[in-house]
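Here is a friendly walk through one model, written for a reader who likes to check side chains and helix axes on screen. Please keep the viewer open as you read.

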Amino acid sequence: MVEIMTGEELKQLRIKHGVSQAELATALGYMTKGEANRSVISRWENDRQDIGRRAELALQGFFYQRGE
C-alpha cells in the first residue's frame with residue numbers, strides 16, 4: 001500500500017518553505033470566485049480531509065521545485 005502524506009507533514013513542509021496556506025492553494029489551483037481557497041489546505045493539515053494521491057503528487061512537485 002502507498003503511504004499518503006499526513007496533514008502534519010504538509011504543514012511542516014509549508015512552514016519550512018515559508019509558504020502561506022493561501023499561496024499554496026493558489027499554486028495548486030484551489031480557487032473560489034477568483035480567490036485562493038485556503039480552507040482546502042487547512043482541512044488537509046488538520047486531518048479533516050484526506051490528501052488524495054493526485055493532490056499529494058502536486059504537493060510533491062510544488063515543494064520539489066522549491067528545493068525540498
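## About the model

This is a predicted model, in which local features need pLDDT of at least 70 and side-chain atom pairs count only at pLDDT 80 or more, while totals for chains, interfaces and linings use all residues. Residues are numbered from 1 along each chain as its sequence is written, and side-chain values use heavy atoms, with hydrogens and water left out.

## Helix α3 and its neighbours

Let us begin with helix α3, which spans residues 38-45. Helices here are DSSP runs of H or I with at least four residues, strands are runs of E with at least two, and both are numbered from the N terminus. In α3, the residues Val40, Ile41, Ser42, Trp44 and Glu45 are buried; the word buried stands for under 20% relative accessible area, exposed for over 50% and partly exposed for values in between, with a 1.4 Å probe and protein chains only. The buried residues of α3 pack against α1, α2 and α4, where contact means heavy atoms within 4.5 Å.

Two packed helices are described by the angle between their axes and the distance between the axes. For α2 and α3, the angle is about 110° and the axes are 8 Å apart. Axes are lines fitted to C-alpha atoms, for helices over the stretch in contact, and angles run from 0 to 180 degrees between N-to-C directions. The angle makes α2 roughly perpendicular to α3; that label covers 65 to 115 degrees, with under 35 roughly parallel, over 145 roughly antiparallel and the rest oblique. On the α2 side the contact is made by Gln21, Ala22, Leu24, Ala25 and Leu28, and on the α3 side by Arg38, Ile41, Ser42, Trp44 and Glu45.

How do α1 and α3 pack, in angle and axis distance? Their angle is about 125° and their axes lie 7 Å apart, which makes α1 oblique to α3. Here Gly7, Glu8, Leu10, Lys11 and Arg14 of α1 meet Ile41, Trp44 and Glu45 of α3.

## Two aromatic pairs

A pair of aromatic rings is described by the distance of the centres and the angle of the planes. The structure holds two such pairs. Rings of Phe, Tyr and Trp (its six-membered ring) pair if their centres lie within 6.5 Å, and planes under 30 degrees apart count as stacked, over 60 as edge-to-face and the rest as tilted.

Tyr30 and Trp44 have ring centres 5.5 Å apart and planes at 90°, so this pair is edge-to-face. Tyr30 sits in the loop between α2 (21-28) and β1 (31-32) while Trp44 belongs to α3, so the pair ties together parts that are 14 residues apart in sequence. Tyr30 is partly exposed at 29% relative accessibility, whereas Trp44 is buried at 3%. Phe62 and Phe63 also form an edge-to-face pair, 5.0 Å centre to centre with 80° between the planes, and both of these residues are buried.

## Two salt bridges

Side chains of opposite charge can pair when their charged atoms come close. Two salt bridges are present, each a side-chain nitrogen of Lys or Arg within 4 Å of a carboxyl oxygen of Asp or Glu. Arg14 bridges to Glu45, with the closest N and O atoms 2.5 Å apart. This pair links distant parts of the chain, as Arg14 is in α1 (residues 7-16) and Glu45 in α3, 31 residues apart. Both Arg14 and Glu45 are buried.

Arg53 and Glu56 form a salt bridge at 2.8 Å, N to O. Glu56 lies in helix α4 (residues 53-65), and because Arg53 and Glu56 are three residues apart in α4, about one helical turn separates them. Arg53 is partly exposed at 40% relative accessibility, while Glu56 is buried at 4%.

Asp47, found in the loop between α3 and α4, is another residue other than glycine with a positive phi, near 55°. Its relative accessibility of 56% makes Asp47 exposed.
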